[in-house]
Each structure stands twice: as structure tokens, then as C-alpha cells.
Amino acid sequence: MTATHVPGLPVIDDGWLISTNPATGAEAGRVPVADEKAVVAAVERARAAAVWWQGLGFDGRKIRLLRWRTLMVQRIEELAELVHKESGKPLADGTIEAVAAVEHLDWAARHAKKVLGPRRVRTRILVAEHSGHLEYQPYGVVGVIGPWNYPIVTPVGPISGALAAGNAIVFKPSEYTPIVGQWLADTFAEVVPEHPVLQAVHGLGDVGGALCRSGVNKVSFTGSTATAKKVMAACAENLVPVVLEAGGKDALIVDADADVSAAAEAAVWGAMTNAGQTCIGIERVYAVEPVYDRFVEAVVEKAGKLRTGEEIGPITMPKQLDIIRDHIEDALAKGGKAVLGGAEAVQAPFVAPTVLVDVPDDSSEIREETFGPTLTITKVRDADEAVEKANDTPYGLGGSVFGKKNAIRIARRLRSGMVAVNGTLTFVGMGNLPFGGVGESGFGRIHGEDGLREFARAKAITVRRGPSLLPAMTFERTPAQVQQIVKALRLLYGRKP
């Protein structure tokens with residue numbers, strides 16, 4: 001690396017991807033870069049490994065996945081330190097991220113058999129002589145393209161679900177956090193040394209594109225909306241199905257009967273954790289008029305105590321600093337006011353907590369994903385106006401509502417995949433709940449039962465169990481038998497409900 005290298009920016013040198021800390025520039029590690037041929041070779045190895053992995057059955061896979069979970073718990077400090085070293089994320093945040101990953105891994109391992117195992121389904125009148133059976137079969141090889149902002153828990157979600165379902169994985173970590181990604185692959189290999197069931201391939205965006213075109217049977221992607229569209233286009237060339245978790249512009253609604261102090265605490269956490277580099281982070285708040293002033297005061301008081309370099313880590317992607325600065329400046333130029341921080345809060349590689357009020361709806365700080373420790377707070381008449389403004393975005397990932405009497409009803413009206421009531425981001429900590437968005441936040445789900453089913457094909461099987469009393473699906477049926485079928489249908493379904 002040269003002396004002019006920007007800390008945190010990935011560098012490829014002589015076939016190696018070098019990862020550095022965005023705050024210090026210190027090298028976090030290096031991994032070999034994969035070309036298209038290497039990606040295809042990894043997928044072919046995974047295809048053979050998948051046959052063995054599927055043959056273990058749900059119980060055999062469960063044992064091995066729980067061993068990986070235990071190893072992760074035993075070495076959680078090491079993993080948190082590695083995340084801190086590579087991304088600058090505070091150690092406590094890295095630890096909590098690893099804890100959430102363990103939760104999802106444990107849940108997927110323990111519940112895959114119940115969710116995906118073979119079952120008999122009730123027959124129907126048209127083919128009453130047949131029994132119905134349903135099972136879920138793994139795709140084979142799943143490509144997982146992970147993000148840099150949560151390099152543990154985010155990829156472990158689809159990885160654990162896909163592995164529990166019986167697939168092998170080829171994992172392309174973000175080029176900003178390849179060392180954490182390689183750690184995940186290496187530790188899995190420690191507990192499953194027999195075959196390369198989980199492999200990592202490294203490089204820039206072209207490696208992700210190569211993975212999409214490599215012959216994988218499904219792709220799970222987490223990242224920006226712009227990149228999600230490129231991934232989907234690449235996968236469409238071979239009709240490879242995708243799960244996309246893209247950007248967000250999540251809102252928090254504070255109703256009149258909310259606990260204002262608790263709402264402020266949650267808003268600061270939701271907006272500022274991981275320096276605001278959170279896809280489900282709170283970027284907008286809509287507070288009803290009776291509690292607005294108290295809420296703003298409480299948020300400023302709590303956010304003002306956070307220290308850059310300690311609770312607030314560096315901005316991992318250097319180019320994001322310009323986006324954050326532009327959003328703040330646009331908000332101020334259009335009439336918004338900074339009650340904490342402001343444009344001067346951007347001091348590379350850090351951004352100090354910034355709270356903005358009176359920001360117009362057409363500003364980039366309201367319309368576009370900022371991905372920094374900034375928060376806009378907007379006064380609204382009532383919850384109806386809050387919902388209208390919260391839904392006025394092409395995104396639809398998560399959200400939050402604080403209140404008592406109507407909080408759940410408000411939550412149901414938000415156009416999003418997840419909502420936390422009287423909390424923020426809490427749904428990511430529950431392994432049995434699905435996670436994913438709508439609109440430009442993507443589609444498909446990871447985590448929970450829906451996440452498990454995302455990585456297996458539903459297969460229907462019918463089995464004849466006796467002669468056809470009312471034969472419907474044969475050329476040998478008679479007109480009288482057709483009339484008998486119609487008569488039976490009218491007896492069962494002909495009456496108004």
C-alpha cells in the first residue's frame with residue numbers, strides 16, 4: 001500500500017485483497033482475490049459437498065451447526081475484536097452483533113426439521129383417492145453476498161438458514177470486511193472438516209457478479225438498492241432466484257401517550273448505533289405535537305452524551321462521508337435546523353451525532369438513505385399524519401412505534417417488513433421472526449420459518465391409496481360419474497357461507 005492510501009478503502013495488491021481499519025489505516029488482514037475461474041471452481045466443489053451435506057439429514061446437520069454455534073460463543077471476544085480491527089466498530093457493538101448471529105444460528109439448526117421436514121397434507125374431493133404429501137428440498141448451492149456494516153449477523157442469517165435446509169454455501173463477503181467473512185468460513189471448517197460446505201471467495205464487485213453467473217442455484221444478497229438491482233439483473237440471465245435485502249429509510253412514530261424518555265432513548269440507539277450504518281436504523285422520527293418539544297429535548301440530551309471514537313465508531317466506507325455531509329447541508333440549506341451537530345460534525349473518519357428539525361420533506365435527508373449518525377425529527381398533528389409521512393418513501397424495511405393505546409394498530413399500517421413497538425431494531429434479535437423488506441428495500445425473507453423455506457423448494461407428492469370412487473382425471477370417466485362429481489360438489493360447497 002502507498003502512503004496516500006485512504007484508511008478503510010480496500011486495496012488489491014499482487015492478487016491479495018488488503019483490508020484496513022477505517023480509523024487508523026492499520027492492516028486488518030489480507031485474503032487472496034478470486035477470479036471468475038476460481039468462483040466457478042468453488043461452486044463446483046460446493047455442489048459435490050452439498051450432496052454429502054444433504055445426506056446427513058436434518059439431525060446430522062443440526063449437530064454440526066450447533067457445534068459451530070458453540071465455537072462462536074467460545075471465541076466471541078476474538079470475533080468482536082476482529083470486527084473492531086477491520087471495521088472500527090466498537091467492541092461492545094461487535095459483541096452484541098455476534099450474540100444476535102448465535103441466536104439465528106441456534107434457531108435455524110433446532111427448527112429446520114420441524115419447518116422443512118416431510119409431512120402429510122389433507123386430501124381434497126377432486127382426488128379423494130390420493131393422499132397428499134409435502135416436503136422441502138434444498139436448492140443445492142446458495143451464493144451469499146454479504147454487507148460490511150454487519151459482517152457477522154447479516155450473512156449468518158441466510159447462511160444458517162440455507163445450511164440448515166441442506167444447501168452448501170459459497171460466500172462473498174464485502175470487500176470492506178473480508179477478514180471477518182473468512183473467519184466465519186474457517187471456523188465452520190473446523191467443525192465440518194469433511195467437505196467444503198461453506199467457502200468464502202473474495203474480491204470487488206466483479207466477484208459478486210461472477211458468483212451470480214457461476215451456476216449457483218439461488219443467491220441471497222444484502223447491500224444497497226442500486227447494487228441489489230445489479231445482482232438481480234445478473235441472476236436473471238440464468239433465472240437464478242434471489243433474496244434481496246436492500247436499503248432503508250426507517251421511521252419512528254411517537255404517539256401522544258408514548259413514554260417520551262423511553263422513545264428518545266430508543267431513537268438515539270436506533271439512529272446512532274454502528275455510527276448510523278444500519279439498514280434498519282432509524283433515520284426519521286415523526287412525533288405528534290403534544291410530545292414533540294419534550295421528545296426533541298430528550299433526544300438532544302441523550303445523543304449529546306455520545307462520544308466519537310468510543311460509542312460512535314468511524315464511517316467504514318470513506319465515500320459515505322461525502323453523502324452524509326451533503327444530506328446535512330441540503331437539509332440546512334432548505335430551512336432545517338441542527339439542534340445537535342451539523343455539517344461540521346463530519347470530521348473524517350468520524351461523524352458526530354447530528355439531530356435536525358424542521359427539515360422539509362423534499363430534502364435528501366428525508367428522501368434518501370443517509371447511513372450515518374443523523375436523525376430528523378418532524379412535528380405532526382397526529383398518528384395519521386405520521387403514518388402518511390412515514391410511508392411516503394420507496395423504501396419499506398423496518399420501523400418503530402412508541403405509544404400505548406394505538407401503537408400496534410399504527411404498526412400494522414406502516415409499509416414495512418418489520419416494526420418494533422416501544423423499542424427499536426428489536427426484531428433482528430428474534431431468530432423465529434422473518435426479516436426483509438418491501439419496495440426498494442427488497443423482497444424475500446431471512447430468519448424464522450419463512451427464512452428457512454426461502455432456501456428450499458416446496459415439493460408436492462400425491463400417492464394413490466385406493467380406487468377412484470368418483471374418477472375425475474381419466475378419459476375413462478362416464479357422463480354419469482361427472483354428474484356424481486358435480487352433485488357431490490354442490491352438497492359440499494353449493495350453500496352460501
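Me: In which helix does Lys 389 lie?

Reply: Lys 389 lies in helix H13, residues 383–390. Helices here are DSSP runs of H or I with at least four residues, strands are runs of E with at least two, and both are numbered from the N terminus. A word on the source: this is a predicted model, where local features need pLDDT of at least 70 and side-chain atom pairs count only at pLDDT 80 or more, while totals for chains, interfaces and linings use all residues. Residues are numbered from 1 along each chain as its sequence is written, and side-chain values use heavy atoms, with hydrogens and water left out.

Me: Why is Lys 389 called buried?

Reply: Buried means under 20% relative accessible area (exposed is over 50%, partly exposed in between, with a 1.4 Å probe and protein chains only). Lys 389 has a relative accessible area of 18%, so Lys 389 counts as buried.

Me: Which residues is Lys 389 in contact with, leaving aside neighbours within four places in sequence?

Reply: Lys 389 is in contact with Arg 284, Tyr 286, Asp 361 and Val 380. Contact means heavy atoms within 4.5 Å.

Me: What does UniProt place at Glu 245?

Reply: The unreviewed UniProt entry places the feature "active site" at Glu 245. UniProt positions are given in the numbering used here, feature names are shortened, and annotations may be inferred rather than shown by experiment. Glu 245 is in strand S10, residues 242–245.

Me: What makes Glu 245 buried?

Reply: The relative accessible area of Glu 245 is 6%, so the residue is buried. Not counting residues up to four places away in sequence, Glu 245 touches several others, among them Thr 154, Phe 221, Cys 279 and Phe 435.

Me: Why is the pair of Trp 68 and Phe 188 called edge-to-face?

Reply: Rings of Phe, Tyr and Trp (its six-membered ring) pair if their centres lie within 6.5 Å; planes under 30 degrees apart count as stacked, over 60 as edge-to-face and the rest as tilted. By this rule the count comes to six aromatic pairs. In one of them, the ring centres of Trp 68 and Phe 188 are 5.1 Å apart and the planes stand at 80°, so the pair is edge-to-face. Trp 68 lies in helix H2 (residues 57–74) and Phe 188 in helix H6 (residues 178–191), so the pair ties together parts that are 120 residues apart in sequence. Both Trp 68 and Phe 188 are buried.

Me: What are the distance and angle for Trp 148 and Phe 371?

Reply: Trp 148 and Phe 371 are 5.7 Å apart centre to centre, with 85° between the planes, and the pair is edge-to-face. Trp 148 is in the loop between strand S6 and helix H5, and Phe 371 in the loop between helix H12 and strand S17, so this pair ties together parts 223 residues apart in sequence. Trp 148 and Phe 371 are buried too.

Me: Which residues do ring pairs link into a cluster?

Reply: Trp 52, Trp 53, Trp 68 and Phe 188 are linked into a cluster by ring pairs.

Me: What sits over the ring of Phe 58?

Reply: The charged end of Arg 61 does, 4.8 Å from the ring centre. The rule asks for NZ of Lys or CZ of Arg within 6 Å of the ring centre and within 35 degrees of the ring normal. Lys 89 likewise lies over the face of Tyr 150, at 4.0 Å from the ring centre.

Me: How many disulfides does the structure hold?

Reply: The structure holds zero disulfides. Cys 212 is in none, and the nearest cysteine sulfur, that of Cys 235, is 3.7 Å away.

Me: Where is Val 357 found?

Reply: Val 357 is found in strand S16, residues 354–357. At 5% relative accessibility, Val 357 counts as buried. Val 357 and Lys 337 are 20 residues apart in sequence and 5.3 Å apart in space, C-alpha to C-alpha.

Note on methods: A disulfide is a pair of cysteine sulfur atoms within 2.5 Å.
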